[in-house]
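Here are my notes for going through the structure. Please read them with the model open.

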Amino acid sequence: FSRQTYGQRIQNHSNPAAKMLLEIMERKKTNLAVSVDVTRSKDFIAIIDTVGPFVCLVKTHIDIIEDFDFSLIKQLQDLSDKHDFAIFEDRKFADIGNTVALQYSSGVHKIASWSHITNAHPVPGPSIISGLSSVGLPLGRGLLLLAEMSTKGALAVGTYTEEAVRMARAHRDFVVGFIAQRTMKGVGMQDNVTDNDDFLILTPGVGLDTKGDAMGQQYRTPRQVIVDSECDVIIVGRGIYGKDPSLVDEIRAQAKRYMDAGWEAYQERISAPV
Ligand code: UP6
């Protein structure tokens, strides 16, 4: 699938959230997702309104907002309509099925009611997918499994990653892809058997100016992620708004820069000789 266009890949998916994301990527010509990790509603909305034209997806950590009020969700949805992007709450669920179903549907944030895509750690086993799916599937939502992580010393490697991919293959209606650092094509398959699963790979740990932070984060360039590792979406946080969340022109310039780098890498990939 790495040589197919995002548009061509829409037909490989039945999940509405996966289709929506690919349609937006094709329409807006962007594979950039911005991770808006700020703690004040005002900054959150201002950054999203600024980067909106350049992104296919906005990734949130809604539980870090200090002045959260549910009216913020309406503002986020209005921006999603205005700028044409999907919403991904990076909740990283990790509990038993019954608990994650409640965390996904209820509480202050009611994530399932507004987030097109969310994600989960595969550590509890397949029951985490059943739990989330009982809430999200009827709403047309999609799930990503964390098959790998971007941090130094991450434990999501080897057989853990392989089992995550096997879990996903058994739940293709709801699991649309992975948070991972490379394509999961063929991962966990027996010798000489090929898979036909077109999973979306969304990849955090992307930066053009630094190699990491002081807390174990590791950055690679859009080209390394999209061309070398055959991932589909670059997720960028501090690389875009990090200097100062109030510098609108700087944020816009960085969003444009990452969007261009991501799209150029994608074009290189789909036009590579077979
Ligand atoms: N994230 C990672 N690595 C992972 C999974 N998720 O960095 O393996 C998330 C973080 C953060 C964003 O929770 O929201 O992606 C990366 O932000 P940054 O670009 O500012 O480092």
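1. A word on the source. This is a predicted model, where local features need pLDDT of at least 70, side-chain atom pairs count only at pLDDT 80 or more, and totals for chains, interfaces and linings use all residues. Residues are numbered from 1 along each chain as its sequence is written.

2. UniProt, in an unreviewed entry, places the feature "active site" at D90, K92 and D95. UniProt positions follow the numbering used here, feature names are shortened, and annotations may be inferred rather than shown by experiment. D90 is in strand 3 (residues 86-93). K92 lies in strand 3 too. Strands (E, at least two residues) and helices (H or I, at least four) are DSSP runs, numbered from the N terminus.

3. What does D90 contact, leaving aside its neighbours within four places in sequence? The partners are K59, T60, H61 and N119. K92 touches N119, A120, H121 and L146, again not counting residues up to four places away in sequence. Contact here means that the two C-beta atoms, placed from the backbone, lie within 7 Å.

4. Now strand 5 (residues 142-146). 5 of its 5 residues are buried. G142, L144 and L146 point one way, and L143 and L145 the other way. In a regular strand the side chains alternate between the two faces of the sheet.

5. Strand 5 pairs in the parallel sense with strand 4 (residues 117-120), over 4 bridges. A120 stands opposite L145 there. Strand 5 also runs parallel to strand 6 (residues 175-179), joined by 4 bridges. In that strand, I179 is the bridge partner of L146. Strands pair if DSSP finds at least two bridges between them.

6. From strand 5 the chain crosses through helix 7 (residues 158-169) to strand 6, in a right-handed β-α-β crossover. Strand 4, helix 6 (residues 127-136) and strand 5 also make a right-handed β-α-β unit. Right-handed means that, with the strands pointing away from the viewer, the path from the first strand over the helix to the second runs clockwise.

7. Last, the ligand. Of the 15 residues around it, M149, S150, P204, G237 and R238 come nearest. Strand 8 (233-236) and helix 9 (238-241) are the elements that give two or more residues to this shell. A residue is near a molecule if its C-beta atom, placed from the backbone, lies within 6 Å of it.

Notes:
Buried ≥ 20, exposed ≤ 12 C-beta atoms within 10 Å, placed from the backbone.
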